[in-house]
Amino acid sequence: MNSKEQKKLAIIRELMAHAKDRIDLSPELEQALENLELQRRMKQVELESKFLNMNDETS
């Protein structure tokens with residue numbers, strides 16, 4: 001194998017390692033998005049509760 005082929009193989013190995021890292025991150029990113037969605041829903045419920053309490057006080 002000549003040096004050109006060796007460089008090409010090294011680059012391919014590096015690209016594959018980076019792709020694997022991105023795939024491994026995917027579940028972590030999915031979990032982070034789920035957590036953000038949960039936080040958003042909790043904030044929405046909190047605001048709705050405050051709004052309903054305001055309406056109850058004015059009635």
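Helix α1 has a kink of about 30 degrees at Ser-26, shortly before the proline Pro-27. The model is a predicted one. Helix α1 covers residues 3-58, and a search of the whole structure finds 3 salt bridges. The points below take the helix itself, then its salt bridges.

**Helix α1**

- With 56 residues at 1.5 Å a residue, helix α1 should span 82 Å.
- At the start of α1, the backbone nitrogen of Lys-4 has a side-chain oxygen of Asn-2 within 3.1 Å.

**Spacing and charge**

- Because an α-helix has 3.6 residues a turn, residues three or four places apart point the same way.
- Side chains of opposite charge can pair when their charged atoms come close.

**Salt bridges of Glu-37**

- Glu-37 and Arg-40 form a salt bridge through their side chains, with an N to O distance of 2.7 Å.
- Both of these residues, Glu-37 and Arg-40, belong to helix α1 and are 3 residues apart, about one turn of the helix.
- Glu-37 also has a salt bridge with Arg-41, where the closest N and O atoms are 3.5 Å apart.
- Arg-41 and Glu-37 are separated by about one helical turn because they lie 4 residues apart in helix α1.

**Salt bridge of Glu-46 and Lys-50**

- A salt bridge links Glu-46 with Lys-50, and their closest N and O atoms are 3.5 Å apart.
- Glu-46 and Lys-50 are 4 residues apart in helix α1, so about one helical turn separates them.
- Salt bridges that share partners also make one network of Glu-37, Arg-40 and Arg-41.

**Exposure of the paired residues**

Partly exposed lies between buried, under 20% relative accessible area, and exposed, over 50%.

- Glu-37 has a relative accessibility of 33%, so Glu-37 counts as partly exposed.
- Arg-40, at 43% relative accessibility, is therefore partly exposed.
- Arg-41 counts as partly exposed because its relative accessibility is 44%.
- Glu-46 has a relative accessible area of 35%, which means that Glu-46 is partly exposed.
- Lys-50 is at 46% relative accessibility and so counts as partly exposed.

Conventions:
Residues numbered from 1 in each chain as written. Predicted model: local features only at pLDDT ≥ 70, side-chain atom pairs only at ≥ 80, totals over all residues. Heavy atoms only, no water. Helix = DSSP H or I, 4+ residues; strand = E, 2+ residues; numbered from the N terminus. Expected span 1.5 Å × (residues − 1). Bend = angle between axes of the 7 residues up to and from the residue. Polar contact = N/O pair within 3.5 Å; in protein donor to acceptor, adjacent residues only side chain to side chain. Salt bridge = Lys/Arg side-chain N within 4 Å of Asp/Glu carboxyl O. Buried < 20%, exposed > 50% of the residue type's maximum accessible area, 1.4 Å probe, protein only.
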